[in-house]
Amino acid sequence: MRSATTRPEARLVVVDDEPNIRELLATSLRFAGFEVHAAGDGTSAIKLVRDLDPDLVVLDVMLPDMDGFTLTRRLREKGQHVPVVFLTARDDTSDKVTGLTVGGDDYVTKPFSLEEVVARIRAVLRRTGASPDDADDATLRYADLELDDDSHEVRRAGRTIELSPTEFKLLRYLMLNAGRVLSKTQILDHVWQYDWGGDANIVESYISYLRRKIDTRSADADPDDAPPAPLIHTKRGVGYVLRLPPGSA
């Protein structure tokens, strides 16, 4: 049994207009170790998010006063970029695309298992950096590489490196999993989201872009200086990994 003094895994807001589902979700998520607050409509949800600053919102698409997509847009317009996991009875690809387009992070279709919802929530918290393990320090570090979530800056050996939003997200995922080989599928799931319908070779392209910026000497570097140790490596037939080459300090 959990101790009453155990720190909650994360603070969640659950939004669903069906009282039975709302209570079931809230109770189950509290049992799983989360702090949970609930709302039955979009207006109440917006106020809760504003007042509580939660780590994630579990949001039903069909609400009495506004749909979940509209609610998410309003949160984003107010500068609130809290991760959102959509819940809906509609299993339509266009709805999934809409949910991700307005800033959603995942999508669970009713009927769902509570275990699946908990697993999805934890996966989103991990990849968005909203889990307690990441909350104490906004800067990720590996070797001489630093990534600052707050300023959205990347530095290698003190040198600032300009990255596109997708490159930044890819590097962040590699750094969170330093030393672990990640497959193309895993990278697509976490960086482009699993609804990506394009060519999986986009991963190769962005890995190549990152290598040119992270693992090569800058144009203004002293030619006599040693080139940076390569950090991004390919494991043939498996995937990609961020690690120091063998023999590096």
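**Whole chain.** I noted to begin with that this is a predicted model. I counted 9 helices and 11 strands in the chain. Of its 249 residues, 42% are buried. I then checked contacts with a separation of 6 or more, and 55% of them join residues 24 or more positions apart.

**Alanine 45.** I wanted to know where this residue sits, and found it in helix 2, which spans residues 42-52. Is alanine 45 buried or exposed? Its relative accessibility is 1%, and the cut-off for buried is under 20%, so I put alanine 45 down as buried. Setting aside neighbours within four places in sequence, I listed its contacts as Val15, Ala39 and Leu71. I also looked up leucine 75, 30 residues away along the chain, and its C-alpha atom is 9.8 Å from that of alanine 45.

**Helix 1 against helix 5.** I turned next to helix 1 (residues 19-31) and helix 5 (residues 114-128), whose axes come within 11 Å and cross at roughly 60°. I recorded the crossing as right-handed. Helix 1 brings Leu24, Leu25, Ser28 and Leu29 to the contact, while helix 5 brings Leu114, Val117, Val118 and Ile121. Sorting these by class, I got 7 nonpolar residues, 1 polar and no charged ones.

**Helix 8.** Which residues of helix 8 (residues 184-192) are buried? I found Ile187, Leu188, Val191 and Trp192. Looking down the axis of helix 8, I saw that its buried residues fall within an arc of 100°, so they line one face of the helix. That spacing made sense to me: an α-helix has 3.6 residues a turn, so residues three or four places apart point the same way. Among the elements covering the buried residues of helix 8, I noted helix 7 (165-176), helix 9 (202-214) and strand 11 (239-242).

**Two alanines in loops.** My last stop was backbone angles, with a reminder to myself that most residues other than glycine have a negative phi. Alanine 143 has a positive phi of about 50°. I placed alanine 143 in the loop between strand 6 (139-142) and strand 7 (145-148), and its relative accessible area of 53% makes it exposed. Alanine 157 also has a positive phi, near 55°. I found alanine 157 in the loop between strand 8 (153-156) and strand 9 (159-161), and at 61% relative accessibility it counts as exposed.

Conventions: Residues numbered from 1 in each chain as written. Predicted model: local features only at pLDDT ≥ 70, side-chain atom pairs only at ≥ 80, totals over all residues. Heavy atoms only, no water. Helix = DSSP H or I, 4+ residues; strand = E, 2+ residues; numbered from the N terminus. Buried < 20%, exposed > 50% of the residue type's maximum accessible area, 1.4 Å probe, protein only. Contact = heavy atoms within 4.5 Å. Arc of directions from axis to C-beta. Axes fitted to C-alpha atoms, helices over the stretch in contact; angles between N-to-C directions. Left-handed = near helix turned anticlockwise from the far one by under 90°. Nonpolar A, V, L, I, M, F, W, Y, C, P; charged D, E, K, R; others polar.
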